[in-house]
Amino acid sequence: MPSINLISDQRKWKRDRQKKSRTWFIAFLVLSTVGLTSVGVLTLQLEMLRAELRALQTQALVLRPLKDEIGATKEALNEFVPRVDTLVTARVDSERWGRIFDHVGRVMPDDTWLTRVESHQPSDPRKPVEVTWTGMSAEQSLVGELMLLLQRSGDLSGIELKYTDLRRTSRGVGLEFQILCQVPGTGADDRAEKKESSKS
């Protein structure tokens, strides 16, 4: 009769089971260790972020009065911006008119003088200011010379003779003239362009 050794099969089965159990236990320990380490690292990072948030909140509380002060200063500055713009425009216009009258004073021919100067803004505010020069001269050629010399000014353009007429004056008979011209850069569009270019 053949003999079957069941004891060795049971021992082998038991050893395989113990091996599997140890493998699963080691895998469980490794995974648990990795999981706990990850949780620990994440908890540490979370606490660091919370501490940083608390520090930033504290800093924001310290800086809030400065922020309010800066806001109040900006509002105050915004109130002054239109005034400053007006003053800058007035300064630029004053300098321009100073240059114009200085140029006219230097180029005025002998025996020629002005009796009236008028300026007005056309009905279309986009167009530049127009200036009318009315005066007296001894000769027609002196009026032409004055017109040529006025064209040399960078602050005047569109110079044209409106009329010349003989008039009796205290000095005798003279030639009354009227010259029209424009002042470039004084129209609303020109001012807006200059304002935009100065901001950029």
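The legends below describe close-up views of a predicted model.

Local features are reported where pLDDT is at least 70 and side-chain atom pairs where it is 80 or more, while totals for chains, interfaces and linings use all residues. Residues are numbered from 1 along each chain as its sequence is written, and side-chain values use heavy atoms, with hydrogens and water left out.

View 1. Phe-25, Ile-26, Phe-28, Leu-29, Val-30 and Val-34 form the patch, and their accessible area together is about 590 Å². Patch members have over 30% relative accessible area and no salt bridge; nonpolar side chains (Val, Leu, Ile, Met, Phe, Trp, Tyr) are joined within 5 Å, and like charges within 9 Å. Areas come from the Shrake-Rupley method with a 1.4 Å probe, and for residues only the protein chains shown count as cover. Ile-26 is placed in helix H1, residues 6–107, and Phe-25 lies in helix H1 as well. Helices (H or I, at least four residues) and strands (E, at least two) are DSSP runs numbered from the N terminus. Ile-26 is exposed at 51% relative accessible area, whereas Phe-25 is partly exposed at 49%. In these terms, buried means under 20% relative accessible area, exposed over 50%, and partly exposed in between.

**View 2. Arginine and lysine residues gather in a positive surface patch.** The members are Arg-11, Lys-12, Arg-15, Lys-19 and Arg-22. Lys and Arg count as positive and Asp and Glu as negative, while His and the chain ends are not counted. Each charge is placed at NZ of Lys, CZ of Arg, CG of Asp or CD of Glu. Arg-22 lies in helix H1 and counts as exposed, because its relative accessibility is 52%.

**View 3. An aromatic cluster brings together Trp-97, Phe-101 and Trp-133.** The whole structure contains two aromatic pairs. In one of them, the rings of Phe-101 and Trp-133 have centres 5.9 Å apart and planes at 75°, so the arrangement is edge-to-face. This pair links distant parts of the chain, with Phe-101 in helix H1 and Trp-133 in strand S2 (residues 129–137), 32 residues apart. Rings of Phe, Tyr and Trp (its six-membered ring) pair if their centres lie within 6.5 Å; planes under 30 degrees apart count as stacked, over 60 as edge-to-face and the rest as tilted. Trp-133 is buried at 1% relative accessibility, whereas Phe-101 is partly exposed at 42%.

View 4. Glu-95 is partly exposed at 40% relative accessibility, as is Arg-91 at 47%. A further bridge joins the side chains of Asp-155 and Arg-99, at 2.9 Å from N to O. That pair links distant parts of the chain: Asp-155 is in the loop between helix H2 (140–150) and S3, and Arg-99 is in helix H1, 56 residues apart. Asp-155 is buried at 13% relative accessible area, whereas Arg-99 is partly exposed at 42%.

**View 5. A network of salt bridges links Asp-165, Arg-167 and Glu-176.** Asp-165 is located in strand S3, residues 157–169. Arg-167 forms a salt bridge with Asp-165, and the closest N and O atoms are 3.1 Å apart. Both partners are partly exposed, Arg-167 at 38% relative accessibility and Asp-165 at 31%. Asp-165 and Gln-140 are 25 residues apart in sequence, and their C-alpha atoms are 9.7 Å apart in space.

**View 6. A negative surface patch is formed by aspartate and glutamate residues.** Its members are Asp-110, Asp-111, Glu-139 and Glu-145. Asp-110 is placed in the loop between H1 and strand S1 (112–120). With 65% relative accessibility, Asp-110 counts as exposed.

Technical notes. Salt bridge = Lys/Arg side-chain N within 4 Å of Asp/Glu carboxyl O. Buried < 20%, exposed > 50% of the residue type's maximum accessible area, 1.4 Å probe, protein only.
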